[in-house]
Amino acid sequence: MAKEFFDKDFKLGILGGGQLGRMFIQEAVSYNVKIAVLDPSKDAPCANIADEFTVGDFNDYQTVVDFGANKDVVTIEIEHVNVEALKELEKRGVKVFPQPHVIELVQDKGLQKEFYQKHEIPTSSFQLISDKSEIKNLPIVQKLRKGGYDGRGVQVLKSEDDLKEAFEGACVLEELVAIDKEISVIVARNEDGEVRTFPAVELEFNPKANLVEFLFSPANIDKHKKAEARDLAVEVAEKLGIVGLLAVEMFLTEDGELLVNEIAPRTHNSGHHTIEANFTSQFEQHLRSVLNMPLGKTEVMIPAVMVNLLGEPNNEGDATYLGLNKILKTPGVHLHLYGKTTTKPYRKMGHVTIINEDLNTAKSMARKVKNTLKVVAK
Ligand SMILES: Nc1ncnc2c1ncn2[C@@H]1O[C@H](COP(=O)(O)OP(=O)(O)OP(=O)(O)O)[C@@H](O)[C@H]1O
Ligand SMILES: [Mg+2]
């Protein structure tokens, strides 16, 4: 008989053992799916909770092939992984979701932009350059084609003076969009081609860290825009032919136009609230999609605000959390600590989700949480 996901010898491998993997394992336990993790750090957030934990570099060809060879399905929680190794695993009959060609495209912001252009998916106008000497018109948004994450590798160049700071090497130059709102739609697609989207959420960024500070669910946009955003996310997922989860980050411009900013072929920071606030969490949905199960209902059960717990500036060292008890007294507050021992300025150390029947009440509670709970060095 074919192996079933709940069988003892069935193994799902994840490249990357950070917080996304950790929350994924929490859901996988409910399905009795055994999880193996590959991560370079022995102290990674997944280290103590995976069924099998391998310390190794997910960018190294042989390490990834050796890790994946005896797995039934391999997935990722970070897209900066060795794609050639994943292609080899696919050849050997391992199911790799998202598929290597999708990961390859997403790893390069330049290829991503060309993909949107080719498929007529609305996106900001852009130019690909190989050297900063090609920058002519300011202001402009400069993005490293490869290797950036969490806002690192993205900068706005406004004046001639800023050019000194311009990144070296292959980059995308994008028009500076007048953004009204940043929204995200997470879409799931399984091998049978079933597709489901989570309702759009709204993201508020910390301008210093260039990181998501607050997430509001549902997004405060009209229902036509919500439907448009949903359709756009589905279109991207179907044109990619992805199996797995895909987060589609979009800008709603001041002119009321929706533009795709970028995509992530995995669980995403913009879906953390789904654990408490939607019928199915993004982690469960990812599991269902890569194991070709029927996808779960995604509707909002209750409005939510998610606050990222970022390491305080000027603090580096063993982490401690100030104000924990105070926030835990507030009804509807859900704490997630990622188990990272060392805090660094703006490092994602955890998150808090606040659920409330009224989104505005949840918002004011979230501001209080933000001001009360601090991650500092001991
Ligand atoms: N063309 C643009 N015009 C205006 N603002 C932009 C543009 N591109 C990016 N930004 C701003 O910079 C942020 C980070 O850009 P982007 O999402 O491309 O980078 P990233 O490092 O991959 O992000 P992350 O990993 O945090 O999702 C965006 O969320 C947005 O606030
Ligand atoms: Mg982004």
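**Exercise 1.** Find which residues come nearest to ligand 1, and work out where the ligand lies.

*Solution.* Start with the shell: of the 20 residues around ligand 1, those that come nearest are Ser124, Val141, Val154, Glu174 and Val177. Here a residue counts as near if its C-beta atom, placed from the backbone, lies within 6 Å of the molecule. Next, look at the elements: strand S7 (140–144), S10 and S15 each give two or more residues to this shell. Strands are DSSP runs of E with at least two residues, helices runs of H or I with at least four, numbered from the N terminus. Finally, domain 2 (125–174) and domain 3 (179–377) both contribute residues to the shell, so ligand 1 lies between them. The domain bounds come from an automatic or database domain assignment.

A note before going on: this is a predicted model, in which local features need pLDDT of at least 70 and side-chain atom pairs count only at pLDDT 80 or more, while totals for chains, interfaces and linings use all residues. Residues are numbered from 1 along each chain as its sequence is written, and chains are lettered from A and ligands numbered from 1 in the order in which they are written.

**Exercise 2.** Work out which residues of helix H6 are buried and which are exposed.

*Solution.* Buried means 20 or more other C-beta atoms within 10 Å of the residue's own, exposed 12 or fewer, and partly exposed in between, with C-beta atoms placed from the backbone. In H6, the buried residues are Ala229, Leu232, Ala233, Val236, Ala237 and Leu240. They cover an arc of only 130° around the axis (taken from the directions from the helix axis to the C-beta atoms), which puts them on the same side of H6. On the other side, Lys223, His224 and Ala227 are exposed.
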